[in-house]
Each structure stands twice: as C-alpha cells, then as structure tokens.
Amino acid sequence: MRKLIYLGCLSSSKYKETCENGIKIIKFLDDEYEILDKVPCCGALSYHISSDEELKNHVEFVNNWFKTNDVSKIVTICAGCYNYLTRYYKQYLGSDFNIEVKHLLQLIATPENLKKLNLKHSGKKITVNYHDACHLRNAVPPIIEEPREIINSIENIELFEMENTKINSICCGAGGGVYATFKENSDYNAKTIFNQMRKGKALLTACPFCYNALQRIREENNIQKPVIKFEDFIIKVMNQEDPLI
Amino acid sequence: MSEKGKELYEEVKEKIEQLNDKDSVYSKFGDIWKLASLGKYRSFDLRYLYEDTSREFVEEHKEQLTKMREDFIENIEEYVKKCIEVMRKTNKFKVYYAKTNEEAQTIFMEELGDNKVLYKSKSLEAKDIGIIDVLMKNNIEIKETDLGDVLCQLLDYSYPSFTLGPGVQFTEKEIVAKMKEKYGIDLEEKAEAIVAYYRKNYRPELLNDVKVSLTSANAIAANDGSIILVENEGNISLLTRATEKHIVVVGIQKIVPNVFDALIVAKLHERINNVDGAYISFISAASNTSDIQGKRVFGMYGAKEVVIIFVDDWRIKAAKENLFYKDLLKCIACKSCDYVCTASRAFGNIYASKYGIGAINIVRDYIHNGIEAAVKDGLFLCTGCENCTNWCPVGVDLAEIMKSLKKEATEKELCPPSLKEYKEKIFKDKNPFI
C-alpha cells in the first residue's frame with residue numbers, strides 16, 4: 001500500500017520549485033508519502049469537452065495505474081486534481097475507485113499537523129488575503145475553512161477577508177480552458193480580485209490555474225502586491241524567510 | 001475544428017474586441033452591468049435592507065423550494081391538468097394548452113383578433129415562445145410599458161439586455177436627446193424629469209386606451225389557479241386592470257403546487273433582486289361584480305376577460321425523457337445565476353442570446369435553435385466556476401447543463417482549437433502540458 005504525492009500536470013510542468021516545496025511539507029508531516037514517475041494527468045481539463053465514454057476510458061486508465069502502483073492514499077497539491085478526483089472518479093468508477101484523496105491544505109490543517117509545523121513568522125506582522133479557487137470551494141468535500149485555519153495559526157500573519165470570499169468568491173476567469181481561448185475573462189475578473197485585497201499585502205492561492213491567471217494580470221498591470229502559492233508561502237515561513245519575497 | 005466552428009469562434013472574438021472600443025454597444029452595456037452585478041453579488045451577503053441577508057433568505061427556503069420544484073417535475077402532467085381545471089371551472093379563465101410554440105403563436109394571434117396594437121409588460125416568456133417575432137411579422141404595434149423597455153424601444157436598442165433593467169445602460173443625456181428628436185420636446189437631463197414625462201403622457205393612454213394586454217407570470221398556483229405577478233412600476237397593475245382582455249403567455253414550468261409556494265417564489269424574486277417589488281398581484285378571476293341581485297357580471301372596472309396560453313413545447317418531453325436540461329424546468333427566473341456569473345460580468349451582453357443575457361438564455365437558445373446558436377452566444381466563455389449552481393435557490397445545476405452543451409459542441413467540432421489540443425494531449429500523452 002503506497003501513499004502518493006500527486007503533483008498535477010500543470011505544477012509539475014511549470015512550477016517545479018512549488019512542487020519541491022509541496023513535497024517537503026508533505027514529507028515533513030508524513031514521510032511515507034512518495035513521488036512516483038510518469039504519473040498520468042487526472043483529466044480535469046478534458047471534463048467539459050469529452051464524451052462520457054472518453055472520460056470513462058481515461059479515468060479507468062488512471063485508476064488502473066493507481067492499482068498497478070498499489071496506491072491507497074493520495075495527497076495532491078493541485079486544486080483541479082482534488083476537485084476532479086473526489087467528484088468525478090467516484091461518479092465514473094463507483095466502488096472501483098477506493099483511494100483516499102486529500103488536498104495538501106487538508107493534510108496541514110489538522111491540529112496535530114499544525115502543532116508539528118509550528119508556523120511562526122518572526123518579522124513584522126503581515127496581513128494577507130486568500131483567494132478561494134472554484135476547484136476547492138466546489139469540491140466534495142469543499143475546502144474553505146482549512147486555508148483559513150492554517151493562516152490564522154501562523155504567529156504574526158493575519159488574514160484579511162476580501163468582500164467575495166468562500167463559496168462567494170470571484171472566479172479568476174481562467175477556468176474551463178477559458179484562459180487559453182478568451183483571456184479577456186480573467187482580464188476583468190482577476191483584476192476585480194486584486195481590487196478587493198485592500199490592506200492585504202499578498203494574495204495567497206492554492207490553485208495553480210488561478211496562480212497562472214492572477215500572475216499574468218499582475219504583471220500586465222504592474223500590480224506590486226505578490227501572488228504567492230500556498231506551498232511556497234508555508235515553506236518560507238518554515239525557513240524563517242520573508243514570505244512576501 | 002469545423003469551418004462552422006471557426007466562423008462562430010471568430011464571431012465571438014470580434015464582439016469581444018469591441019469591448020476595447022469605449023463607444024461600442026457591448027462596452028457601454030458591459031460597464032453598467034459590471035457595476036450592477038458586482039454590487040448585487042456583494043449585497044447578497046450584506047444585511048442590506050432586512051434583518052437577514054438575501055443569501056440567508058435563500059438558504060432558509062432552498063430545501064423546501066428545491067423539493068417543491070422536483071415534485072412539480074415528477075408530476076408535471078397532473079399539476080398542469082389540475083391547474084387548467086381549476087382555472088376553467090372556478091376562475092372562469094379562458095385557458096389554452098399549446099403543444100408547441102407555433103401553436104401558441106397561432107392562438108395568440110386569434111385572441112388578438114382585429115387589434116393592431118398590443119400593450120405588454122416585459123413578458124420574457126412571450127419572447128421565448130416567439131410571440132414577439134410573430135407580432136412583428138404581422139405588423140402589430142408593440143407598446144412596451146416597463147420604462148426600461150420603453151427606453152430600449154425609443155433608442156432602437158435591439159441587443160440582448162438585462163431583463164430586470166433593460167435600458168439601464170442609457171445615460172440621461174442620451175435619452176433626453178432622443179426624446180427631443182422623436183417627440184420634439186425639451187426635458188431636463190434628469191431621471192426624475194424623464195419619469196415625470198412618461199407619467200404625464202403615457203399613463204393616461206395606459207389607463208384609457210388598452211384593449212388587449214400581454215403579461216407573463218412569476219408563478220401560477222396549481223391548487224387555485226392564481227396568476228402571480230411581481231412588479232415595481234405599476235405597469236402590470238394597469239395592464240391587468242385597465243384592459244378589456246388580459247392575455248397571459250407562459251411556459252408550463254411557471255406552475256407551482258399551491259398558492260403559498262407561489263408567494264415564496266414572488267418574495268424570492270424581490271429578495272434576490274433587491275427591487276422594491278412594490279406590488280404583488282394574485283389574479284384569480286377577471287374583474288367582476290355580483291352586486292346586482294347576486295348575479296355575477298364580468299368586466300366591472302378591471303379586465304373583462306383573462307386568457308391563459310400555457311405552452312409545453314420542449315417541457316413535458318424534457319421531464320419525461322430525462323433530457324440533460326430537464327433541470328431548467330425548476331427555474332423560477334429569479335436571475336441569481338446572472339449576477340454571480342464570471343463570464344457574464346466580464347462579457348455582459350456578448351455572453352447572451354436573443355432571449356436575454358447569461359447562461360440560462362444561452363441554454364434557451366440551444367433548446368430552440370441548436371448547438372451552433374449556443375456557441376455563437378459565447379458558450380465557451382463559461383469558466384465552469386459553478387457560481388450559478390451554488391447560488392440557485394431551487395437547485396438548478398446550470399453549470400452541469402453548460403458542461404453538457406460544451407460536450408455536444410465539441411462532438412460537433414465546434415470547440416475552440418486550444419481546448420481540443422488539451423484534450424488530445426490528455427488522452428494521448430496523459431499530460432496536457434508536455
């Protein structure tokens with residue numbers, strides 16, 4: 001029985017450092033989790049543009065891969081994978097899919113693990129915002145309170161809630177492959193998210209797709225406040241580095 | 001991607017490009033819509049007008065409302081039958097049941113008779129059922145009465161607009177200039193002055209000249225046949241009272257089991273939209289009196305006759321055959337899904353069909369005109385954020401319906417090329433980003 005760290009195709013192709021950071025945190029909390037080679041994509045991006053038959057074939061392929069590799073538990077750092085694996089794998093595979101799937105945020109947010117991590121920021125008090133990705137808030141079960149519990153557990157870090165948060169959050173405008181086709185959607189919506197940051201000094205996100213879109217908007221509009229991936233933020237706090245740089 | 005797909009894709013792209021032009025119709029509508037929808041989105045969670053928020057109000061009734069709608073769909077034919085019976089027997093309404101939109105249009109024209117003028121409220125259902133197209137084809141003069149629609153008509157605005165405030169994008173300056181051009185009058189560039197003008201000049205006409213009027217209904221109670229109408233201007237009050245014949249055209253999905261369900265639906269409309277739904281009408285008979293020797297005579301001060309045209313078209317089929325858009329039968333048209341829609345905020349009336357703005361109207365276009373129409377309306381602008389589903393007070397899974405439409409579009413080679421590429425890489429290489 002193996003415990004798999006499922007990085008997700010976007011992070012593993014584009015955000016190698018974040019993957020390293022995610023792995024470090026997961027292994028620190030449970031060193032039985034491991035990385036395997038040639039992990040197949042969960043298929044989330046194809047959901048709305050594929051037939052039931054195509055999807056079923058794909059999720060069966062992935063499930064067989066899990067079985068072949070004796071995977072019984074998964075922790076993923078990708079919001080899209082978490083949403084897809086928890087919601088749609090059961091739908092297509094029923095009881096044939098019996099792997100426990102968690103997102104990194106869920107793994108961190110238990111009282112024991114928060115205690116183990118003992119996150120402290122030694123510098124001046126910092127106020128940050130957290131963007132609720134659709135993939136996390138819509139998932140079953142949803143991940144809404146976990147990131148808040150984590151942020152609030154860190155000494156000297158304070159969470160500032162934006163006007164649209166939790167189930168009411170604003171989508172970054174990149175979902176459903178829209179980022180690749182009609183980027184104007186996030187031109188408007190991601191900017192709206194930045195406008196709601198107010199006294200927050202950095203925008204945290206736990207979704208690589210949102211990060212991608214938010215970061216582009218930030219660069220194109222010369223927005224000074226950084227967008228930080230949750231794993232990177234936690235690692236910097238663990239290393240006693242300035243988490244905003 | 002097929003040639004047709006490319007053509008539709010380019011068409012959507014072209015419209016989006018117009019957003020960069022500050023004077024384009026899309027841009028002008030978009031600016032005001034962004035403000036309205038964002039403000040509404042926030043106010044859902046604020047104790048704004050009442051002790052509870054709109055969200056809390058919805059949450060309180062959501063389970064009951066969802067069950068009520070599911071029960072309705074499950075027993076749709078019985079509810080329709082029961083409703084028609086009570087309407088005919090007790091309420092003395094003239095009731096038609098049209099199997100198709102075309103049948104409804106024919107019935108409507110027959111009921112209109114020799115009249116060449118029709119006064120109407122917004123009646124979105126009439127648009128959906130194609131009544132407006134038929135009226136135009138037959139050169140019937142359509143008199144809008146909702147001020148927003150009156151202004152759209154005045155300014156020859158034929159683009160999809162927000163159903164609740166259809167003319168909200170026009171500035172006072174634009175309106176007054178057009179009024180001067182059309183009516184030769186000088187008005188102060190103020191909303192109050194414009195309203196005062198119509199009150200003084202149009203209201204007498206509505207009180208005295210209306211022979212036939214058309215409305216839809218916010219809900220219809222199956223147990224007592226009441227027609228429920230919510231409004232803030234008073235135009236519906238005038239149209240349903242100061243008329244000879246009041247015609248109601250509705251899809252059968254507007255029926256709810258009983259009069260209390262109808263009241264909740266009406267109140268929900270108010271709460272979601274934060275409009276002062278100044279008036280709610282429950283119409284259970286034409287105007288009548290029995291004051292002379294107990295003899296019931298119709299047509300005292302209000303409408304002499306109330307005619308209902310129920311339309312099935314796709315509805316019973318969707319319910320019975322469990323079609324993927326069956327959930328649409330639950331919809332009470334409260335517009336929650338419009339306010340919280342990511343694509344709608346960014347694209348305004350580019351993400352729309354001729355039936356109105358937003359995903360729900362794109363699905364309507366699909367039902368009536370097929371998948372190409374939906375792609376042209378901006379189907380692929382939807383991010384799948386599922387806000388529509390999360391917010392729906394009656395449990396319509398609109399997000400899932402939109403996903404099904406995208407699947408069908410992809411099967412018919414209408415999906416944008418980059419999405420297709422992702423899909424191929426996922427299935428072939430097991431990674432879309434290599």
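Reply: Let us begin with handedness. In this predicted model, helix H2(A) passes helix H12(A) in a left-handed crossing.

Me: Which residues of H2(A) and of H12(A) make the contact?

Reply: On H2(A) they are A:Thr18, A:Asn21, A:Gly22, A:Lys24 and A:Ile25. H12(A) contributes A:Glu231, A:Asp232, A:Ile234 and A:Ile235. By class, the residues of this contact comprise 3 nonpolar, 3 polar and 3 charged.

Me: What describes the geometry of two packed helices?

Reply: Two packed helices are described by the angle between their axes together with the distance between those axes. Here, the axes of H2 (residues 16-29) and H12 (residues 230-238) of chain A cross at roughly 60 degrees and come within 8 Å. H2(A) and H12(A) are therefore oblique to each other, as angles of 65 to 115 degrees would be needed for roughly perpendicular.

Me: Which domains does the assignment give for chain A?

Reply: The assignment gives domain 1 (2-108) and domain 2 (114-238). The C-alpha centres of these two domains of chain A lie 22 Å apart.

Me: How many residues of domain 1 of chain A are in contact with domain 2 of chain A?

Reply: In chain A, 25 residues of domain 1 are in contact with 25 residues of domain 2. On the domain 1 side, the elements giving two or more residues are H1 (9-14), H2, H4 (79-93) and H5 (104-108) of chain A. That side of domain 1 of chain A has 12 nonpolar, 11 polar and 2 charged residues.

Definitions and conventions
Residues numbered from 1 in each chain as written. Chains lettered and ligands numbered in written order. Predicted model: local features only at pLDDT ≥ 70, side-chain atom pairs only at ≥ 80, totals over all residues. Axes fitted to C-alpha atoms, helices over the stretch in contact; angles between N-to-C directions. Helix = DSSP H or I, 4+ residues; strand = E, 2+ residues; numbered from the N terminus. Parallel < 35°, antiparallel > 145°, perpendicular 65-115°, else oblique. Left-handed = near helix turned anticlockwise from the far one by under 90°. Contact = placed C-beta atoms within 7 Å. Nonpolar A, V, L, I, M, F, W, Y, C, P; charged D, E, K, R; others polar. Domains from an automatic or database assignment.
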